[in-house]
Amino acid sequence: MSARRGYDGVAVAVPVTVPYVRYSVRSAHWWLARALGELLERAGLGKEAVDGLTVSSFTLAPDTAIGLTQHLGVSPRWLDHVPLGGASGIVALRRAARAVQAGDAEIVACVAGDTNHVDSFRLTLANFSQFARDAVYPYGAGGPNASFAFLTAYYMRTYGATREDFGKLCVAQRANALKYPHALFKKPLTLKEYLSARPIAEPLHLFDCVMPCAGAEAFLVLAEERARALDVPYARVLGAVERHNAFPSDPIQMRAGWALERDALYAQAGVAADEVDFVETYDDYPVISVMQLEDLGFCGKGEGPAFVRENTFTHDGSFPLNTSGGQLSVGQAGAAGGFLGLVEAIRQLTGAAGDRQVAGAKVGLASGFGMINFDRGLGSGAAILAAP
Amino acid sequence: MTQALTRPKRKNPVLRTRLPTLPPGARSRIALGLTAAAAEGRFALQVCRDCGAVQYPPREACHACLSVRLEWRAQDGAGELLADTVLHHSNDLFFRERLPWRLGLVRLDAGPAVVAHLHGDVRPAPARVRVTARLDRAGQAVVVALPDKETPHMADDRALREFACDPKFRKILVTDGKTAVGQALVKALAAAGADLIWVGHTEPWKKFAGFDALAELPQVTLLPLDVTDSKSVREIAAEIGGKVDILVNNAEYHRAFGIGNRAGIETARAEMDVNYFGLLRLAQEFGPAMRSRGADGQSSAVAWVNLVSIYALANFPPHGTFSASKAAAHSLAQCLRAEMRPAGVRVVNVFPGPIDDEWNQLMLPPKVAPEALARAIVQALRDGVEDVYPGDVAQEWLERWRENPKALERELAA
C-alpha cells in the first residue's frame with residue numbers, strides 16, 4: 001500500500017443542524033438553504049466567501065448540486081454532488097479537504113439535507129436503485145428493513161448476539177439523546193419497552209429502525225489558519241478513509257469497507273483505536289453499529305456482543321457512542337443522517353456538546369455507511385478528528 | 001406444515017369486495033428477462049458467456065469480468081437459506097393486506113444471493129431450499145424459495161397461491177364442452193378440485209357425444225353458450241359473470257386449407273367469428289366483472305385461458321386461414337392481458353401444435369392428445385405461467401421461430 005498523503009492543516013468547523021421535523025411540506029432546497037444560511041451566519045461570512053460546495057440529498061431531484069447553485073445564488077469555483085447516503089458525510093469531508101489542500105477552494109460548505117413529505121419515503125424506496133427496484137422493492141419489504149432483518153438474524157445466529165444486546169445500544173443512545181435538543185425522540189426508553197415493541201421485520205422491532213424525517217446538517221472545511229482567522233472553533237482532520245462495495249463475494253454482509261481501510265486510517269491519523277475518546281457510528285439499525293465497532297478495531301469480529309455487555313455507551317460512561325443519540329433517537333433526515341455523526345463529533349471536539357459533553361474529548365471517530373443497493377450497504381467510510 | 005385448503009364459505013354479498021392491488025411492478029428492461037422465463041415456468045439467470053459467472057440481480061455487464069455477453073440460462077435453483085424474516089410492516093398496499101409475510105436471503109449454489117419470497121414450509125435458516133421464479137399478481141417475475149423436498153399440501157401455501165392460479169375451489173367456465181379438448185379440460189379441472197364448472201355448448205336442444213359423461217360430474221353445470229352470438233354471451237355473462245374465477249376459452253373453429261384451395265371467404269369468416277370475435281365478445285362481457293374480483297378472497301377471479309395455436313406465431317399455409325384467425329386471437333389476447341393485469345388476473349395463452357382431433361386428420365404425429373393438452377393447462381394454472389407451448393411440435397416450432405422466424409416461414413411454405 002503506497003503511503004497516503006495526510007490531511008495536515010485541514011480543519012472542520014461550524015457544526016450546523018437545522019432542527020428536524022417528522023414531516024415537512026418544504027422541498028429539499030429549503031432545508032439545504034437553511035443549512036447553508038446558518039453556516040454563513042455563524043462563520044460571519046458572505047456567500048461569496050464560500051468558494052466550494054458539496055451537496056448530498058435524496059429528495060433534491062430533479063436538481064443536483066449544480067441546480068442548487070442557481071437556486072441559492074452562489075457561485076462556487078469548486079462543486080461536488082455526493083449522493084452517497086449514509087457515507088456522504090465522510091466522503092464530502094475527504095473531497096473538500098483535498099480541495100482545500102490543493103487550493104482549489106478556500107472554504108468548502110458541506111451540506112446535506114432532505115425533506116420528508118408524507119409519501120416521500122415510499123417514493124425514495126421505490127426508485128432507490130435499479131437493483132432495489134428489480135430485486136427488493138417488489139418483495140414488499142419497504143426499503144432496508146428486510147435487508148437489515150437478514151443481517152441482524154444472521155449476526156445473532158452466528159455470533160450469539162441477543163435482542164438485549166441491540167436494545168442496550170438503543171437505550172443508551174436514547175439517554176444521550178435526552179441531552180440533545182434537536183433529537184425528535186424526547187422520552188426515555190427502557191429495555192423493557194424496547195423488548196416489547198411491535199415487530200417490524202423479525203428480528204427487528206420498532207426501536208431497531210430509524211424514523212425517516214426532514215432535516216439538514218452541515219459543516220465547513222477550511223485550512224486551520226483560516227479557521228483561526230475567522231475565530232471559529234474547529235477540529236483537525238487526522239485521517240479519513242472510504243471503501244465501497246467491499247467484500248462483494250461475501251454471501252451476506254457481516255463486514256464492510258472499514259475492515260479493509262482500518263489500518264490505513266489509524267496509520268494516517270497517528271492514533272490507535274484505544275486512544276479514541278468517543279465514536280459516532282452510522283446507526284440506522286443497531287447491528288450495523290456493532291459491525292462498525294468490530295471492523296474499526298474496537299473489538300474483534302464476532303466479539304461485538306461481549307463488547308456491548310462490557311460497556312455503557314452513554315456520553316458519560318465507558319465508550320461514549322453516538323453521543324447525540326444517533327439516528328435511532330434523533331431521526332433519519334435522509335442524507336443528513338450521513339452527516340449527523342460527523343457534526344456531533346465536531347461539537348464534542350470544540351466543547352460545544354452541552355450537557356452531553358464527553359469529558360476531556362480530544363480524539364473522536366465518526367463513520368458512515370450507506371446505500372442499500374440490493375442486499376447490503378455499499379458505501380463505507382470513517383474519519384478521525386481531533387481537538388486543535 | 002401447510003394446512004390443506006378448505007372450501008371457502010359462501011360470500012356475504014353485503015360485505016365489501018376487496019379491490020385488487022398489485023405488488024410493485026416496475027422493472028428495468030434487463031430484469032424482464034427473468035419475467036420472460038418465468039412466464040413459461042422457467043427460472044433463468046444471466047450467465048456470462050466469457051467467464052461463466054452467474055449474475056443476480058439482472059444487469060448489463062458481468063460482475064466478474066465486465067463482459068457484456070450475458071445470456072439467460074435455466075437454473076436448478078438449489079441454494080441455502082442464509083437468513084429469513086417475517087414482515088409485519090410494509091409501505092405497499094398489496095403486502096399490507098397480506099401481512100405477516102415471509103422473506104428470505106438465499107445463496108444459490110450457482111453463486112449469487114437472492115432475496116426471495118418464502119414458502120411456508122421452508123424451515124428457519126439455515127436450510128436447503130429450491131429457488132424458482134414465479135409471476136406475481138403484477139405479472140412480473142419474483143423469486144420464490146420452496147422447501148427442497150415436497151411437503152404435504154404444498155400448493156395450498158398462502159404465499160404460493162398468490163403467485164398461482166390454482167383451480168382448487170375455484171369456479172370455472174369452459175366455453176365449449178362439445179369438443180374432445182373441452183371434455184378433457186372439464187375432467188382435468190374437476191380432478192384438480194374445481195368447485196364448479198360451467199360448460200358451454202352451442203346447440204342446447206341436442207345432446208352431443210360425451211354429454212352424459214360431463215353431466216354426471218357433480219361440479220358440472222351445462223349452459224347454452226354460443227360465442228358467435230353476442231346476445232348469448234351477454235346473457236350468460238349476466239347470469240354467471242360475477243362468479244367466474246377462471247375462464248377457459250377453448251371454443252375453436254378449425255378448417256384446413258389456405259387461400260387458393262378455397263372459394264369465397266365464408267369459412268375464413270366463420271373461423272374469425274369464433275376464434276377472434278368470440279374472444280372479443282367474451283372479453284367484453286366477462287372481463288369487467290373478473291377485473292373487479294381480482295382480490296375477492298381465497299377464490300378470487302384469477303385467470304383467463306385462451307386456446308390459441310402454435311400457428312399463431314407463423315402461418316402454416318395448409319391451414320392458412322385458421323392460422324390467420326389464431327394470429328388475430330393471439331394479438332387480441334395480448335391486449336386482454338394488458339387490460340386484465342391491473343386487476344391481477346392472469347391471461348394464459350396456450351399454443352399447442354396440431355391437436356389429435358378430426359380437423360388434423362391428415363397431420364402426421366406427433367399430435368397433442370386432448371387429455372395431455374388439458375393436463376398442460378391445469379399445470380400452467382397451478383404454476384402460474386402465462387405462455388404454454390404443450391407438446392413436442394409446439395416446442396420445436398417455438399425453438400425454430402425464436403432462432404430464426406424467417407427460416408421458419410420458408411420451411412412452413414415448403
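Residues are termed buried under 20% relative accessible area, exposed over 50% and partly exposed in between (1.4 Å probe, protein chains only). The model is predicted: local features need pLDDT of at least 70, side-chain atom pairs count only at pLDDT 80 or more, and totals for chains, interfaces and linings use all residues. Residues are numbered from 1 along each chain as its sequence is written, chains are lettered from A in the order in which they are written, and side-chain values use heavy atoms, with hydrogens and water left out.

Helices (H or I, at least four residues) and strands (E, at least two) are DSSP runs, numbered from the N terminus. In chain B, helix H6 (residues 230-240) has the buried residues B:Ser232, B:Val233, B:Ile236, B:Ala237 and B:Ile240. Viewed down the axis of H6(B), these fall within an arc of 130°, so they line one face of the helix; the arc is that of the directions from the helix axis to the C-beta atoms. The face turned away from the buried side of H6(B) carries the exposed residues B:Lys231 and B:Ala238.

B:Asp195 lies in the loop between helix H4 (180-191) and E10 of chain B and B:Lys171 in strand E9 of chain B, so the pair ties together parts 24 residues apart in sequence. B:Asp195 is buried at 16% relative accessibility, whereas B:Lys171 is partly exposed at 24%. B:Arg400, partly exposed with a relative accessible area of 27%, forms a salt bridge with B:Glu396.

Notes. A salt bridge is a side-chain nitrogen of Lys or Arg within 4 Å of a carboxyl oxygen of Asp or Glu.
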